[in-house]
Amino acid sequence: MTRYILQRLLSAIPVLLIVSLVSFLIIWLVPGDAASEMAGPTASIEEIERVRQQMGLDRPFYQQLLQWYGQLLQGDLGHSFLLNRSVVTAIAERAPVTLSLTLLALFIMIVLGVSSGVLAAVRHNTWVDQSLMTFALLGMSLPDFWLGLVLIYSFAVLLGWLPTGGYIPFSEDMLGWLRTMTLPALTLAFTQMGLLARMTRSSMLEVLRQDYVRTARAKGLPEWLIIAKHAFANVLVPVVTVTGLSVGILLGGAVVIESVFSLPGIGRLIIGAILRRDIPVIQGGLLLTASAFVFVNIIVDILYAYLDPRVRYEHS
Amino acid sequence: MKIMRFTSSMRGFCCALALLSGNLASAQNMGGDAIMAQQAQPPTLDAMTTSAQASRNINLHIYETLFARSENATPIPDLVESFTLSEDGLTYVFSLRQGVLFHNGKEMQAEDVKASLERYAKVGASAKIMEPVAGIEATGPHEVTVTMSHVVPDFIGQLSSPRAPAVVIPAEEAAKEAGKIEIIGTGPYEFVEYVPDSHVKLKRFENYSPNMNYTERDGFGGRKTAYFDTITIRFMPEGGARTAALQTGEVQFLEQLPAAAAQRLQDNPDIKIHEMTPWAFQTIFLNASQAPTDNIKVREAIQIALNMEEIMAISTDGLYRLTHGWQHPGTVYFAGDIGQELYNQNDVDRAKQLLAEAGYQGEELVILTDNSFKNHNDTAVVAGEQLKAIGMNVSIKVVDWPTALATRAKPEGWNAWTLMMGIEPYEGPYGVVGFFVGDNNFQFEKDEVLENEYQVLNTSLDLEVRKQAFANIQKRLYEKFYAIKVGDVGIYQATRSNVVNYKPYRIPRMWDVWFE
């Protein structure tokens, strides 16, 4: 297992290098740069050029690329053109927002998604099953930004229960954090919850038809025990697969949700950097996101081995 | 010999009024955290290095300039007490107001002003305004002498512009590179924190030195009083969320309220909606170096074909004014009816005839626009449909804003470009005409008539001569069709009902307003 993990980690290095190179190339080829943003929308060409020189953006492409990789080898992701701080600092400042949003959304998604999937399977072909699956389909179909605005209107404007947006750090005020995070996390979770619920349901239905479940029932075990102990353990592998994929999708979805709910997270950092051509931040942000994907995939692979004793990577 | 003397008028009278207004002010409420929501976050809080609106909204609470713009956009003294201009128009002597403190407690002196102006010449986003400056000297603790290499009639106007404001900062900060300064000014609010993507927080500067030469706020200048304890400027990219936050009372000020939301909320007793018309020009620039718009007849056909009312009604959601002028009506340089006969014609037959005379063979007309500003995009779409109706082969190229700017800066790849210009017409004629002159003019065709008239505008000390020069420029624009004035755009700003004495302006001003 250790060897496998090391192999996976090593194989991630070229992936991350390619990600950073391609993103650098793409952003370089797209017209416009941070100097235009800094100088303002109606600045003249001379004004933009002056700012460009001040920012060092008039240097050749290869020089900027080599400098970036040189810094990367020293663990330095560079300095933001526009935020007046290092990229590492900018990411570190926002990481708690995106991480807590993703984890809370993941928690809601797993609890509600798995429980509704199990319930739908157990109450197969009843109104409960049909209602839950309709709800799941709705979640998968609704655009997250629209759902976010509907939730803001319902829970903030009409009911006044929760704020429309903003962020209060967990360390400052736990209740305040929960109040600001509830609507964005619900919005984010809702779209993935449907997928998880459907996957859990179909896996559970398959498991419930297995011989060992029939045997357990024949032994006279209570139904809840059969579901919770014998069936559920075998549902977990597909559930973990979907959850692992969802983490990536949730991180991506956070980009939109952070804008709707005015959350100062990594998604908004990257979008803002793209719109303003803040290349070091784009590079750093994409590298971090790609790393998160790779890391989550490795964790999912490791979890497979723990959940299913038949999976042994050494033999493969 | 100094023959022209300008001082803040009626000073004694003003002081008396100031005392009176001081008494009145005691009835007003101090305190509270005012929260304003705006769409974008500032690229920097180093005020002189950027002309971004998002920065201006914040910076003009922190920093002040030697001269500011009044309520009707004319220059008025701010940090300057009075000034003289020599007979030859080349030497300005600025007497500074005394006892003005920076947020770090230091008194503003001539050396700070000298260092700030010299820094502006190096890193200012509109540094070209300093090019005619031959020398800046501190000729006394509170006196600065600026010598010009040639006459610049609008020098004070340029120094007073809020576009990329020539703010005064401590000399030790002025020695630093762009973006590396401590945020220290002389304004009514001082900087507390900037959390990117979240907010900027300011607090009332308790040792603020209001300009006692005035009785009340006046544009960006006048006598400013900070009533709020703190101001929080939140960055909320989503328009619906900003409106919702105003409805719930989480924010009390909105930089801009969408017209549709303004109509929906007009009967809401908790919200006051403030209209600000005109706010900006909606324009379409035409590229005179790229076929088919390199043909003046084609450009004229476009001018004659367009239905400005339809474009403005759609692109502004109904808040607009139809005017042909390249200056706002009622301002000093407004050039009357010149060009009006060519404005908003929507004459399809005449436009088709002009295309035929031009020998137009269906060449592609690329309208460049962006998806960042609704007005730009809507203008392109509606104008594009109208131009298709006269038989043009229209292609609309929608890109993001930085790409649009970069594409526009090249002579190829576009024929028409939609731009809403806000601060330039507010500043007066120079910013507007600046688009059309010089080697890097936006139409990619150097026009000698425009160059000559711009020279007059820039050198004559006689206002009437300058007004005539601008009138000639407007006439020329309607002869050469380098750009099309579509109309004047308005905006809505909004506050909660408990905000007292708010008056809409170029930025949501947080001074001289208070909570009920």
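Which residues have the most contacts inside the largest nonpolar core? The points below take up that question after a few words on the model and its two chains.

1. **The model.** This is a predicted model, in which local features need pLDDT of at least 70 and side-chain atom pairs count only at pLDDT 80 or more, while totals for chains, interfaces and linings use all residues. Residues are numbered from 1 along each chain as its sequence is written, and chains are lettered from A and ligands numbered from 1 in the order in which they are written.

2. **Chain A.** Chain A has twelve helices and zero strands, where helices (H or I, at least four residues) and strands (E, at least two) are DSSP runs numbered from the N terminus. Its C-alpha atoms fill a box of roughly 85 × 60 × 35 Å along the principal axes. Of its 316 residues, 39% count as buried; a residue is buried if 20 or more other C-beta atoms lie within 10 Å of its own, exposed if 12 or fewer, and partly exposed in between, with C-beta atoms placed from the backbone.

3. **Chain B.** In chain B the secondary structure comes to 16 helices and 22 strands, and 54% of the 516 residues count as buried. The box filled by the C-alpha atoms of chain B is roughly 70 × 60 × 40 Å, taken along the principal axes. A compact globule with 516 residues would have a radius of gyration near 24 Å, and chain B, with 24 Å, agrees with this; the radius is taken over C-alpha atoms, and the globule rule is 2.2 Å times the number of residues to the power 0.38.

4. **Where the chains meet.** The contact between the chains takes 42 residues from chain A and 42 residues from chain B, two residues being in contact if their C-beta atoms, placed from the backbone, lie within 7 Å. On the side of chain A that touches chain B, helices H2 (34-39), H3 (45-55), H7 (144-158), H10 (223-260) and H11 (266-276) of chain A each supply at least two residues. By class, that side of chain A has 21 nonpolar, 14 polar and seven charged residues, where Ala, Val, Leu, Ile, Met, Phe, Trp, Tyr, Cys and Pro count as nonpolar, Asp, Glu, Lys and Arg as charged, and the others, Gly among them, as polar.

5. **The nonpolar cores.** The largest nonpolar core has 197 residues, and those with the most contacts inside it are Leu196(A), Leu286(B), Ala301(B) and Ala416(B); such a core is a set of buried Ala, Val, Leu, Ile, Met, Phe, Trp, Tyr and Cys residues joined through C-beta atoms within 7 Å. Helix H8 (residues 174-208) of chain A gives the largest share of this core, 14 residues. Leaving aside neighbours within four places in sequence, the residues in contact with Ala416(B) include Ile284(B), Phe285(B), Leu286(B) and Leu365(B). A second, separate core of 21 residues includes Ala90(A), Ala273(A), Ile279(A) and Ile282(A).

6. **Helices H11(A) and H12(A).** H11(A) and helix H12 (residues 279-307) of chain A pack at an angle of about 140°, with their axes 9 Å apart; axes are lines fitted to C-alpha atoms, for helices over the stretch in contact, and angles run from 0 to 180 degrees between N-to-C directions. Ile266(A), Leu269(A), Ile270(A), Ala273(A) and Ile274(A) in H11(A) meet Val281(A), Ile282(A), Gly285(A) and Leu288(A) in H12(A). By class, this contact has eight nonpolar, one polar and no charged residues.

7. **Helix H6(B).** Seven of the ten residues of helix H6 (residues 239-248) of chain B are buried, among them Arg242(B) and Gln247(B). Gly249(B), which follows H6(B), has a positive phi, near 90°.

8. **Backbone details to inspect.** Most residues other than glycine have a negative phi, and most peptide bonds are trans. A cis peptide bond joins Thr277(B) and Pro278(B), with omega about 0°, and Pro278(B) lies in strand E15 (residues 271-286) of chain B. Another cis peptide bond joins Ala291(B) and Pro292(B), with omega about 5°. Asn346(B), although not a glycine, has a positive phi of about 50°, and it counts as partly exposed because it has 15 C-beta neighbours inside 10 Å. Phe481(B), also not a glycine, has a positive phi of about 55°, and it counts as buried because it has 21 C-beta neighbours inside 10 Å.
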